[in-house]
Amino acid sequence: MTNSMSNVGRINTLMGKNFSLIDAKIIDQYQVSYVLKKDDIHRALSVLKSNGFRQLSYLSCVDWPNDHEIEMVYIVMNWDEALHIQLHARIDRDNPVMDSILPIYPGAKYYEREAHEFFGVAFPGNPDYDKQLILEGWDDIPPMRKDFDPRAYSDKKFTKRDPKENFEVTDKTSKRPRQERREERANNLRTGGKK
Amino acid sequence: MSKYRFESIFNSWRHLKYVLKKPITIPFNHIFTKKNAGYLHDNSIIKTKDKLISHPRVAADNMRGFHTNDWEECIGCGTCEDICPTEAITMVERMDVKEQAGAHQARPVIDYGRCCFCALCVDTCTTSSLKMSKEYVYADSDPDEFVIMPEALWLGEQVEDGWVKDETSDLLDLKRVEMEHADIDDRKQSFVEIVRGYSKEYAKQEAARCVECNVCTSSCPVQMHIPQYIKAIWEDDIEGGLRQIYETNPLPGVCGRVCTHNCETSCAIAVRGEAIAIRWLKRYIIDSAPTDMYNAIINEPVSEVIDASVAIVGAGPAGLGAAYYLKVMGYKVDVYEEMPLAGGVMRYGIPAYRLPDEAIDKDIDFIKSIGVNIHTNTRVGKDITYDQLETDYDAIFLGTGFFKPRGLNIKGSDHEDVIGAMEFLPKVRDFERGKLSLSDIDVKESIVVIGGGDVAFDVARSATRLQMLKYGKSDVKLTSLENEDALPASMDEYIEGGEEGIEFHCGNGPQEIMQKNGQVTGLRLWECLCIFDTEGKFNPEFDQDCEKIIEGKQVYIAIGQSPDYEYIPNQLKEKITFERGKIKADEFGQVEGVEKLFVGGDILRGPDLISGVADGHRSAQGIDAFLYENAKKEKVSKNIKEMRLYAKENTPEFTPKQKGIK
């Protein structure tokens, strides 16, 4: 096995020479992270694959609602060098489309279906990307989007049971009513008692 | 070309090789717990006994299975309910749980029809009582059976822990934002305030640690709106915070510095980490509120809308507390104070390095500004008679405190160099104000302080400062009956006092003040074996063989203070019941047998400043109940009506500590 730090150096040169990197970060001797432009991703993956990174370990997204962007994350691995490479690229959040990487890594098929289901990203080139995978009959915005409100969804989908009748042990000395009144008053003081 | 490779039709014969192999299917009873095995048994047509045998396979480590909650540890804070993304958790009141400081009588109930097993509730649990087990199988035909109140045992069985939070997943910030203190060498030389106070950034950071669980509130003698004003800091709403604070405490600047902070002792974060710096956050609001913001608290002049007047004797915490709330409720209030400055123990007891005059001024100026008359330099019994008050006012409140030094009756204690704490401390404050010069206070080069409470530390640390100014070096020894770990004084005092060079001789009882040629030379100590006898009464026992003599040219006695009732006329004294120096009165401070007389503070309950404010507030409520019915009332605005309502509504209840709950 070759020295792992020199592996990192080799990949760094390779990537730096071929692509305009927005950011590059060496996380440790086994992990390197690059931020690329969206259009460079496919070329970068091909280059990496032909350089021994045969395995696509992971494909997922990060939602950045304030930037109106979704960050795509691809992690590829080289079994001979024990090295993981993360590729990051941001795409538009309102119309999230990312060409499929199926021709490069056929194993991305299910990852892309999952990413579509949880983040709403479309993957043209993957014939099945919009087929249901995990969430049966999902009828809301993709649940991993940060503006998805799990509480509201639970309220909509599941009845709320009142556990009080079965579990509550209360009496006249209950402190709850006073506590609630006090809290309401204190909160009213915040806006000057008038709204 | 076909999508599938052509294969021999005999290929399926290969499955035959499995015919004689043992199946790898896992039987149900290897998965199910006893209850579920029983359920399966009950619901199957063929009932065989082996269905009842259950020895479930253990799930993986970190499995996020069904919850367990140890009720002994759980404090009902409800943080799990707040964080639950699916609203699966509901806090249900359980009055059968014993009431205690720093806990709600409530426990979580989980609806497993909603729970998504995300474990956020475990990661945020303040006590780590809520855990997730490795149990993941549960079945029932009744949907209501999926609403479960977790207990230490899962379905009555001890089960293995699954998901356990670690440092990375713990969502609470257990470390307090550090407070800047004055440098030791600098502070020893002067009476400059030690605690510098939080900046806005630091205050917000500290406020962000609060989980708003509200368990602290019941431990505060005045039940301040603690989580709410901390939230106001976080949202940078100083005015809102100030209004919330004044709802329950008219001396916030003082309390923000020297309160005994029972709230912090019962803080939920303190179960595993460092309590939220509630006291300093309160101080931050007061310090950063400009004087003109105070106008917003009471946005209408409080005129005397009720034709009844109250005299208050003593402008200490209790007296000012009563005065403030009586005024807010619409009464005419006059406060009589013997000393030249209002504030009582705040002005003449606590040293300036803990509580500077400016902080007291800010609080008292506001109380004055709403129309409370404070007559200083007026001692009842000398400048005005008690009988005069009785004829002029409809009710009288006494909050005269414990201001007389309590003596120590040992050999040699009758000497001019044996000094009581309350003789010494007022002089120190007057020195800081420039009313006395250094030569007016007789502090010798080496001294011994007897006592282990906050007052003893006030004496020791003030004397250190005076010695530094006078001699350039300090020599202060402190001795107490209690050992270092059981000192009644706060931990800060012990640590800071030690930093300032105080020598501790804790766990010893004073026996004799040594003298030579008429001069005090030291103190003879015997080791203290125990302070209380088997009945819990104060009755210290000493070991004569463990004797030591510590040297000092002066001995200061700070073993408690006593009341001064000289101003009360004798015929009134006969009607009052005194119990160990305190006056007997009901919950609202109304003295038995003397209808129009109310008392509060040290002479009723004690032991600290904020309990005095609480007594004052309760007495204001009691006085209102006593006077309101028969007094003439003016028509009032909606605002004043509301203020009156909430002054009554916020009347403090007794804290668990005051009720004697440990």
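1. Chain A has a radius of gyration of 25 Å, whereas a compact globule of 195 residues would have one near 16 Å. The C-alpha trace of chain A spans about 75 × 35 × 35 Å along its principal axes. These values, like those that follow, come from a predicted model, and they should be read with that in mind.

2. As for secondary structure, six helices and five strands are assigned to chain A, and their order from the N terminus is α-β-β-α-β-β-β-α-α-α-α. Strand β1 (residues 23-28) of chain A and strand β2 (residues 31-35) of chain A are paired in the antiparallel sense, with five bridges between them. The two strands β1(A) and β2(A) make a hairpin in which two residues lie between them, and within this pairing D28(A) is placed opposite Q31(A) of β2(A).

3. The interface of chain B and chain A deserves a separate look. On the side of chain B, 48 residues are in contact with 31 residues of chain A, and the area buried between the two chains comes to about 3600 Å², with carbon and sulfur atoms giving 43% of that area. Three residues, E93(B), M95(B) and R114(B), supply 19% of the area that chain B buries against chain A, which is more than any other three residues supply.

4. In terms of polar interactions, the interface of chain B and chain A holds 25 residue pairs in polar contact, counting pairs with both residues at pLDDT 80 or more. Several elements of chain B each supply at least two residues of the side that touches chain A, among them α2 (79-83), β2 (89-93), β3 (106-111) and α20 (638-649). The largest share of that side of chain B, five residues, is contributed by α7(B). Sorted by class, the side of chain B that touches chain A consists of 15 nonpolar, 15 polar and 18 charged residues.

5. Charge pairing can be followed both across the interface and within chain A. Side chains of opposite charge can pair when their charged atoms come close. Ten salt bridges are found across the interface of chain B and chain A, and the side chains of D237(B) and R190(A) meet in a salt bridge at 2.6 Å, N to O. Over all chains, the structure holds 64 salt bridges. Within chain A, the side chains of D139(A) and K157(A) form a salt bridge at 2.8 Å, N to O. This pair links distant parts of the chain, with D139(A) in the loop between α3 (108-119) and α4 (150-157) of chain A and K157(A) in helix α4 of chain A, 18 residues apart.

6. Two backbone features of chain B are worth checking by eye. The peptide bond that runs from G606(B) to P607(B) is cis, with omega near -5 degrees, and P607(B) is located in the loop between β23 (597-599) and α19 (609-627) of chain B. L155(B), although it is not a glycine, has a positive phi of about 50 degrees, and its place is in the loop between β5 and α4 (184-188) of chain B.

Notes
Residues numbered from 1 in each chain as written. Chains lettered and ligands numbered in written order. Predicted model: local features only at pLDDT ≥ 70, side-chain atom pairs only at ≥ 80, totals over all residues. Heavy atoms only, no water. Contact = heavy atoms within 4.5 Å. Buried area = accessible area lost by both parts, 1.4 Å probe. Salt bridge = Lys/Arg side-chain N within 4 Å of Asp/Glu carboxyl O. Polar contact = N/O pair within 3.5 Å; in protein donor to acceptor, adjacent residues only side chain to side chain. Helix = DSSP H or I, 4+ residues; strand = E, 2+ residues; numbered from the N terminus. Nonpolar A, V, L, I, M, F, W, Y, C, P; charged D, E, K, R; others polar. Pairing = 2+ DSSP bridges. Rg over C-alpha atoms; globule rule 2.2 N^0.38 Å.
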